[in-house]
Amino acid sequence: MNQKAGDTIRREDRIGYGIGGIMAKKIKKVAVLTSGGDAPGMNAAIRAVVRAALSSGLEVDGIRRGYMGLIEEDIIEMNAMSVTDIVQRGGTILYTSRCPEIKEKKGLKRAVSVCKQHNIDGLITIGGDGTFRGAQDLSELGLNTIGIPGTIDLDIACTEYTIGFDTACNTAMEATDKVRDTSASHERCSIIEVMGRTAGHIALWCGISNGSEYVMVPERPEANDEKKIIEKILSKRRVGKKHHIILKTEGMGDSYKMAKRIEEATGIETRATIIGHIQRGGNPTCKDRVYASAMGARAVDLLLEGKTNRVVAYRHGKYTDYDIGEALAMTKDVDPILYSLTKRLSR
Ligand code: F6P
């Protein structure tokens, strides 16, 4: 659905829950799902939701394979033991998927009706913007929903932290350190491509932590000026620099072709390394586990407070929450101080 013109949600579409959802009704059972790209720390968030809900006297269901599993009724009962030994594990024990059906009215109505059949009073969804759009539409149909930001990309505007970002950056940083060793030994230039979809946060953080000479982020298209990069490589060679690292966000052109062009223009052997999906895996860092635990528990508290259509956020040193519509309308830039630092420190 996602707010198509002429497709407003009618009162009779609010299946079973009545206008305003179950705000007036006491919450007895919550459900949790993970959706979109997985992120290290999602398991810690699931554990926190389950344990916090149980400690507040609620029942908990786990929905497998995201919204797809909800529509297909792939639902399991969860207890304290269902989430034992997972806080340290990457991936998501509930599996995940991207589900086009949840953008359609039919899929949404089916999802709400499955929740009703299972007596689910509140749904906690862990994922990114797409996941929150689904939660917003479900909330408009009367189901109480809360989103938790879980994505390695850090591209959710209302929050300064998203679960998985820290682990992904550490993974990419360590991989880049290794590439640097061989790049230095061969006196080469290396292009390292990291994930981020349309956001440059991973590249920026890795660029600084790896001491790279160039950082290419989509938020600053001028950084993609290959001519300037080539000039900088040549001028640094002239003053004795033996190897060069370019940190590049995915989606900013073909890294292998760029390596070839740089090699031709500079005469310096150049290689491209695409770090890829290893950034999404691995044991979450301490930071990801702690934020995921706090956000998971907060999501349960929001449902207990009778809230719906909210996303949990971390902002200005505090855990807080935003209306999902408001959160989705916000925009986010890379940190300008960090971005200027990459230039200042790479002289
Ligand atoms: O959103 C997380 C992310 O890993 C992005 O950084 C990347 O562009 C995308 O997902 C890759 O998705 P998939 O695993 O479906 O190829």
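Tutor: We shall take the sheets, then the ligand.
This is a predicted model, in which local features need pLDDT of at least 70 and side-chain atom pairs count only at pLDDT 80 or more, while totals for chains, interfaces and linings use all residues. Residues are numbered from 1 along each chain as its sequence is written, and side-chain values use heavy atoms, with hydrogens and water left out.

Student: What holds the strands of a sheet together?

Tutor: Strands of a sheet pair through backbone hydrogen bonds, either parallel or antiparallel. Strands are DSSP runs (E, at least two residues), numbered from the N terminus, and two of them pair if DSSP finds at least two bridges between them.

Student: In what order do the seven strands of the open sheet lie?

Tutor: Their order is 3-2-1-4-5-10-11, with mixed pairing. Strand 3 (75-78) and strand 11 (318-323) are the edges, each pairing on one side only. From one strand to the next, the twist averages 30°; axes are lines fitted to C-alpha atoms, and angles run from 0 to 180 degrees between N-to-C directions.

Student: How many bridges join strand 5 to strand 10?

Tutor: Strand 5 (residues 144-149) and strand 10 (residues 310-315) run parallel and are joined by two bridges. Within strand 10, Val311 stands opposite Gly147.

Student: What is the order of the open sheet of four strands?

Tutor: That sheet reads 7-8-6-9, and its pairing is parallel. Its edges are strand 7 (214-216) and strand 9 (270-274), each of which pairs on one side only. Neighbouring strands here are turned by 15° against each other on average, direction ignored. Strand 6 (residues 189-194) pairs with strand 8 (residues 244-249) in the parallel sense over six bridges; Ile191 has Ile246 in strand 8 as its bridge partner.

Student: Which residues surround the ligand?

Tutor: A residue counts as near if one of its heavy atoms lies within 4 Å of the molecule. Those surrounding the ligand include Arg98, Thr151, Asp153, Met195 and Arg197.

Student: Which polar side-chain atom lies 2.8 Å from an oxygen atom of the ligand?

Tutor: A polar contact is a pair of N or O atoms within 3.5 Å. One such atom belongs to His277, at 2.8 Å from a ligand oxygen. The side chain of Arg280 also places an N or O atom 2.8 Å from an oxygen atom of the ligand, and for Glu250 the distance is 2.5 Å. Taken alone, the ligand exposes 400 Å², of which the protein buries 73% (Shrake-Rupley method, 1.4 Å probe).

Methods: Polar contact = N/O pair within 3.5 Å; in protein donor to acceptor, adjacent residues only side chain to side chain.
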